[in-house]
Amino acid sequence: MTVIPTFISHSIKSVLALSFFNLVACSSIEPPLDPIIGDTGQVLSATAQSADVLSYDLQLEVFPDKKRIQGIGTTEFLIISDTQQLELKLDSRFAIEKVTVNQTITNYRRVGGILTIALGQNIKTGSKVNVAVYYEGKPHVALNAPWLGGFVWSETEAGLPWIATAVQGEGCDLFWPCKDHFSDKADTMRIRLTVPKGLSAVTNGVLQNINNIGTNKQQFDWLLSVPASDYNIALNIGPYTRIQQRYESVNGVQVPIEFWALTEHAEQATTLLNNDLSQQISYFEKQLGPYPWGDQKLGFVETPHLGMEHQTINAYGKKYVRDENGYDWLLQHELAHEWFGNLMTHEKLNDAWLHEGFGFYMQPAYSLAKFGRSAYNYTMYKSYLGLINCEPVVKEGQISSEQAFNSDIYGKGGWTLHTLRWLLGDDVFWQATRELLYGTADTAKLNYPIETRYRNTQEFIDIVNRISGKDYTWMFDVYLKQAALPELKITRNDEQLGLYWSAPSNRPFPMPVPISINGELAVYPMMDGKTTLNIKASDEVVIDPDMQVLRQLPIIGLCQENLAKRKKR
């Protein structure tokens, strides 16, 4: 397990997970992933940009004993610029039986994981086309799910199959033909999973039917009728008990809750729902607005890996163990991603901190509301000790998913929000957060379906500046776009206290500073990045006693020292 920065990061690849990969890759008998397949969200080709995905229909049979899958993946495209071909991606380890266009077999070209499908003629803008790929094979096995993703073939203590997928960094093409880009969410997706009798097949959306196939198979028919990033589609197969409840959302809708737990853990799962989830969903809806997918389900499924924010069916593998936070942090973190990542999705990988920085910060924020200031400070302090400060949180240019998800997008992103909340005050901070998510701050009465949206860092900055009536661009420029932290230089003699900010790249940084003098706390402006205070030699002075301002302190080192400390862990 990898801690980023003080919580176990279950959303993406991490530095330690990559080290794990280096150790096991050489001994793996499985061929390595094609780089195209192993990195989701890459720049779309001109062919891929010629069509918009309207819907997916995946019919898939899973053979646990052979660790194989066989399926038909159908994609309905809307042509948005005249084209004679379409593009999908699918891991090259799968054998393709045939590809059809509007139910007629067609030619296709396969280069690695890229399928270029001939349409037979020039298809005009505005037309709709159905492409079906018939395929089978052994999917890539996750080396260390969820950080290094793929299929997880496991067993319960009783020896029954227990299977999951987690592909956030790699993408959907590890097990079904798809566009594999977060910028093109299908409006709907139907998923029909056939598994041996005695097992349940659980995925996104609403369960429509369970159909018997012969005497020893069952097909679970699911329909997801809201847009979702294709990496969020997940398969979960095991001897599950389906626990069903409901709660009344802030908008008055009765929202279905489902937890698919291993049968032997059904009682523990019910306790988790009744205690942790009930309080957590109440907090999120109070601060943000209605759960985004109330017309689908608020879903969790027990998995053999730690967890992942799979829209409407979050993976949970923490084994129901309570931790020092006083609540189940994994349940809470994945729930946060239903807003930060699934409702609001980063426009580019460069803006991934909008998922993970907010996802991280919602945990200390919840601790503050549930247990008070000491619990909040404890969580923030631990995360501060884990900052690396070697790379900007928001990078420039084209980047890979591995580059996007460096550890500081969690803790440093969260600390940016911590300082921002202090500067803005609670009302403005949460108003800006709601606008980021929903496009409006008046969220309580929103009806389903709730519109999803793409966001980038600049849009959030613009929202903050507009609502606050002040320009905080300088703060985001230093915290998010520079690797090093700003440092507050302090000089003192018997008569004066001098302060000035030294920011990376000599950026302007007029951050006000809270100072306690003889127990009296006040906030001092630093309009030019500096200030001088008259004091006495006997005065007891504490700079920023509550650590409201993110800055370089001697309790952590600079980049290379921080990396060295991490390697020793």
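A search of the whole structure finds 2 disulfides, and I will start with those. Keep in mind that this is a predicted model, so every value I give is computed from its atoms.

Take the pair at Cys 172 and Cys 178. Their sulfur atoms sit 1.9 Å apart. The link has 100° about the S-S bond and is right-handed. Are these two cysteines buried or exposed? Both Cys 172 and Cys 178 are buried.

The other disulfide connects Cys 390 with Cys 559, and its S to S distance is 1.9 Å. With 105° about the S-S bond, the link of Cys 390 and Cys 559 is right-handed. What does this link tie together? Cys 390 is in the loop between helix H6 (373–385) and helix H7 (401–404), while Cys 559 belongs to helix H12 (residues 559–568), so the bond holds together parts that are 169 residues apart in sequence.

Cys 390 has 24% relative accessibility, so it counts as partly exposed. If you number the bonded cysteines in sequence order, the pairing reads 1-2, 3-4.

Now the chain overall. It contains 12 helices and 28 strands. What radius of gyration would a compact globule of 569 residues have? The value would be near 25 Å, and the chain has 25 Å, so the two agree. Along the principal axes, the C-alpha atoms fill a box of roughly 90 × 55 × 50 Å. Of the 569 residues, 60% count as buried. Take the contacts in the chain with a separation of 6 or more: residues 24 or more positions apart account for 70% of them.

Next, the inside. The largest nonpolar core has 160 residues. Which residues have the most contacts inside this core? They are Tyr 135, Trp 176, Phe 259, Leu 298, Trp 339 and Phe 460. Helix H5 gives the most to this core, with 9 residues.

The buried ones are Trp 474, Met 475, Phe 476, Asp 477, Val 478, Tyr 479 and Leu 480. They pack against three helices: H5 (353–371), H8 (408–424) and H10 (457–468).

Last, a sheet. Strands of a sheet pair through backbone hydrogen bonds, and they may run parallel or antiparallel. Here 8 strands form an open sheet with mixed pairing, in the order E5-E4-E8-E2-E1-E11-E14-E13. Which strands stand at the edges? They are E5 (104–105) and E13 (206–213); each has a single partner strand, so one side of each has no neighbour in the sheet.

Within that order, look at E2 and E8. Strand E2 (residues 68–79) and strand E8 (residues 128–137) run antiparallel and are joined by 10 bridges. To find one of these on your screen, go to Gly 73, whose bridge partner in E8 is Val 133.

Terms used:
Residues are numbered from 1 along each chain as its sequence is written. This is a predicted model: local features need pLDDT of at least 70, side-chain atom pairs count only at pLDDT 80 or more; totals for chains, interfaces and linings use all residues. Side-chain values use heavy atoms; hydrogens and water are left out. Buried means under 20% relative accessible area, exposed over 50%, partly exposed in between (1.4 Å probe, protein chains only). Helices (H or I, at least four residues) and strands (E, at least two) are DSSP runs, numbered from the N terminus. Contact means heavy atoms within 4.5 Å. A nonpolar core is a set of buried Ala, Val, Leu, Ile, Met, Phe, Trp, Tyr and Cys residues joined through side-chain atoms within 4.5 Å. Two strands pair if DSSP finds at least two bridges between them. A disulfide is a pair of cysteine sulfur atoms within 2.5 Å. The radius of gyration is taken over C-alpha atoms; the globule rule is 2.2 Å times the number of residues to the power 0.38.
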